[in-house]
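The structure comes first, then the notes.

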Amino acid sequence: MTAIVDRFELDLAATGGQAGTITEPSLACSGKRIMVTGNWFCSRSTTGGKTWTFIDPYTELPPAGAGFCCDQLVHYCKSRRLWIWLLQFSANSSGNMIRVAVSSSGKPGTWTWWDTRPQDIEEDWTQVWLDYPDMAESDSHLLLSFNVYSTTSNRWQKAVVLRLSLDQLKARQQLIRKAWSTTQFGSLRFARGEGGTAIFASLSTSRPSLEIFRWPDSESDVSQVSVPVTPWSNGPYASSSDATSAWMNRLDDRITGGWSSDGILGFAWTASADALHPFPYVRVVRINETTNERINEPDLWNSDLAWAYPAISPNQRGDVGIAAFCGAGGRHPTLGVGCLDPSTGLWNMTLGAASTHPPAAQAWGDYLDIQADPRRTTYWVASGFTLRGGGSRNNIVPRVVVFKP
């Protein structure tokens, strides 16, 4: 059974009172140094999570464009000893911008940053804005993905992947941006554990398949392969007859978790209830990385509660860990963590803290985060959040959980 080793809470001082009910936490670790970001805060610990210092994303870096907006991601690049912080800015009629900041220590006042507007990616990308980011690293590059929306209609236009040199980031040089985009597939998600090739995926809207893309560090072209999977249902996720399911109102079937480990590639997303699954559940597909053949589909589900918003990562040994939320069926949103037993295809899950109330906004978050523990070979570190004492943003408790198989 999966064992939770440490649990840490971020109080109001750690978040500056700026946590939202749609928190979308991201985290990065290097030894006892941890950074956690969310809507709309950043916090740093140098004590392995025991104490936290608030960093205001609105004021830590200079203002630009229409100002800081919402989504953030944070990452630690061990090979370059570099903290990387992504901030999404607000959109106006001409678009928005994203900021990539780096620091060798993660301390306030030590950040160097670069701003990117859609027109910096392609000159004719006017009146569009970037949203729903994901971030990963390969051996040589930092990879960023975004959905691209129209500022006039607010409709999805395309998805884009940016490739930035880690060496240029480390040297604080002018960045050369390489980009690849698609108008067919959106909400691209990276596989954690990549090496010399960035791997990312999307779900097909025309057939039940995973569309897997590979971008080798040494090449300029992106390859694509389609892997058929068992059909799933996309909504509705919440039930009008179950008040404890309202937190799933804004759920959809975008991929939110991916990994690459020991020659196996996998991706995960949330599917709604169907004839075999009485509650929403996590769809998981494992693929042979060499042949691109589907191995199996070890879904995470229960007959008495829902699972949603999966984040997945291998640990340093290659075991596959997961963090996700469960609830409904009388249970308020609860953070759960676990790992996959490849011999049985079952997930060994342990529940962490449970919310005491449902969110008043009847909505939760689009993603959470999980990383391999940098200090211990078989451990993971995951971020999440719960509600305690009420359903407003003042009751949000961001959390960091350390666990092992």
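At 1% relative accessibility, Phe325 counts as buried (buried means under 20% relative accessible area, exposed over 50%, partly exposed in between, with a 1.4 Å probe and protein chains only). This is a predicted model, in which local features need pLDDT of at least 70, side-chain atom pairs count only at pLDDT 80 or more, and totals for chains, interfaces and linings use all residues. Residues are numbered from 1 along each chain as its sequence is written, and side-chain values use heavy atoms, leaving out hydrogens and water.

**Aromatic pairs**

- Rings of Phe, Tyr and Trp (its six-membered ring) pair if their centres lie within 6.5 Å; planes under 30 degrees apart count as stacked, over 60 as edge-to-face and the rest as tilted.
- By this rule there are 19 aromatic pairs.
- Phe68 and Phe89 have ring centres 6.5 Å apart and planes at 85 degrees, so they form an edge-to-face pair.
- Phe68 belongs to strand β6 (residues 68-77) and Phe89 to strand β7 (residues 82-89), so their pair ties together parts 21 residues apart in sequence; strands are DSSP runs (E, at least two residues), numbered from the N terminus.
- Both Phe68 and Phe89 are buried.
- For Tyr309 and Phe325, the ring centres are 6.3 Å apart and the planes at 85 degrees, so this pair is edge-to-face.
- That pair links distant parts of the chain, with Tyr309 in strand β22 (residues 306-314) and Phe325 in strand β23 (residues 320-328), 16 residues apart.
- Tyr309 is buried, at a relative accessible area of 2%.

**Cluster**

- Trp180, Phe185, Phe190, Phe200 and Phe213 are linked into a cluster by ring pairs.

**Charge over a ring**

- Arg254 lies over the face of Tyr132, 4.0 Å from the ring centre (the rule asks for NZ of Lys or CZ of Arg within 6 Å of the ring centre and within 35 degrees of the ring normal).

Methods: Helices (H or I, at least four residues) and strands (E, at least two) are DSSP runs, numbered from the N terminus.
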